[in-house]
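Hi,

Here is the structure I said I'd pass along. Have a look at it first, and then read my notes below.

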Amino acid sequence: PYRIRMVVSVEDKEQLAPVLNHQDVDEIYVDANGFLAEDWKNTAERCHKAGKMCCLMLPHIFRQRSDAYFRANWEKLIGASFDGIVVRNLEECQWLEEMEASNLSESKNLNQVGALPRIFDASLYAWNHMSDQVMSDLKAKRITMPVELNARELREKGCEGQELLVYGALPMMVSAQCVKKTTGCCDQKGEVLKLKDRTGKEMPVKNHCNVCDSTIYNASPVSLLGQKEPIEKLKPGTIRLQFTTESPQETAECLDAFADSFYYGKKEVTLSGEFTRGHFRRGAE
């Protein structure tokens with residue numbers, strides 16, 4: 001019988017435990033900004049021990065600092081035994097090609113390197129069948145559907161077997177400059193800051209010291225809880241819950257809510273907090 005797989009991405013180490021303990025999670029993406037190179041092997045081992053696949057999410061922006069960081073830690077990446085890599089821009093596709101090619105002659109881990117599947121994030125836009133073909137040529141194992149498309153547009157495009165984001169705060173902006181550094185407050189410590197928008201809502205801002213950039217998130221996460229039927233009609237292979245600034249308790253509650261809705265047939269499932277349906281009903285404008 002058809003069962004949508006549940007994929008969960010985590011940005012903070014504290015979010016990992018409730019995800020590992022949840023029986024309905026099939027695969028975990030760990031963000032490379034929150035899980036540094038020295039954590040990769042242990043993190044992948046913990047996921048595998050819990051019976052879950054584990055992939056490393058590369059940064060949104062891949063510039064000189066990122067190149068230097070991941071090049072210096074390439075052997076750790078190979079040795080961590082990840083089940084795949086989540087890429088977020090075309091530069092990372094090219095970089096992986098180059099690194100794998102250089103390992104053809106240098107590394108004894110050739111088979112391991114060549115076997116790393118690529119999952120393409122929603123920031124690599126796949127709006128039509130032509131873009132799908134380009135993604136396929138770039139070795140995409142799975143494509144994450146654009147968050148700007150509504151249910152009808154997703155159905156017309158076709159997302160059978162692909163990935164659909166059903167929960168998470170979306171990045172409003174990814175800055176190649178660190179907010180703390182720009183304001184003269186650099187202390188080499190990553191943290192969550194707040195920016196107020198014109199309506200007074202607070203938008204979380206994360207600074208990433210390993211690559212020296214910042215991500216500004218939407219004040220209200222997208223939540224497609226309660227949309228099980230229209231989502232199942234699209235036949236995605238996986239649904240993704242994307243955790244950014246949630247506490248371990250909020251992470252666990254969200255996992256339970258989506259599992260209850262998608263796997264256990266519960267109808268009146270709710271989450272506390274303020275959410276948006278994103279473009280699922282509205283569509284691109």
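Predicted model: local features only at pLDDT ≥ 70, side-chain atom pairs only at ≥ 80, totals over all residues.

Residues are numbered from 1 along each chain as its sequence is written, and side-chain values use heavy atoms, with hydrogens and water left out.

The sheet: nine strands form an open, mixed sheet in the order E6-E5-E4-E3-E2-E1-E13-E7-E12. (Strands are DSSP runs of E, at least two residues, numbered from the N terminus, and helices are runs of H or I, at least four; two strands pair if DSSP finds at least two bridges between them.) E6 (140-143) and E12 (222-223) are at the edges with a single partner strand each, so one side of each has no neighbour in the sheet. E1 (residues 5-10) and E2 (residues 27-31) run parallel, joined by four bridges, and Val-10 sits opposite Val-30 in E2.

The helix: in H3 (residues 64-72), Ser-66, Tyr-69 and Phe-70 are buried, meaning under 20% relative accessible area, where exposed is over 50% and partly exposed is in between (1.4 Å probe, protein chains only). Gln-64 and Ala-72 are exposed, on the face of H3 turned away from its buried side.

The cavities (sets of points on a 1 Å grid over the protein atoms alone where a 1.4 Å probe fits but cannot get out; lining residues have an atom within 4 Å of a point): the largest is lined by 14 residues, with Pro-146, Val-147, Leu-149, Leu-165 and Leu-224 nearest its centre.

Cheers

Methods: 1 Å grid on protein atoms, 1.4 Å probe; cavity = no way out; pocket = protein on both sides within 12 Å on 5 of 7 lines; lining within 4 Å.
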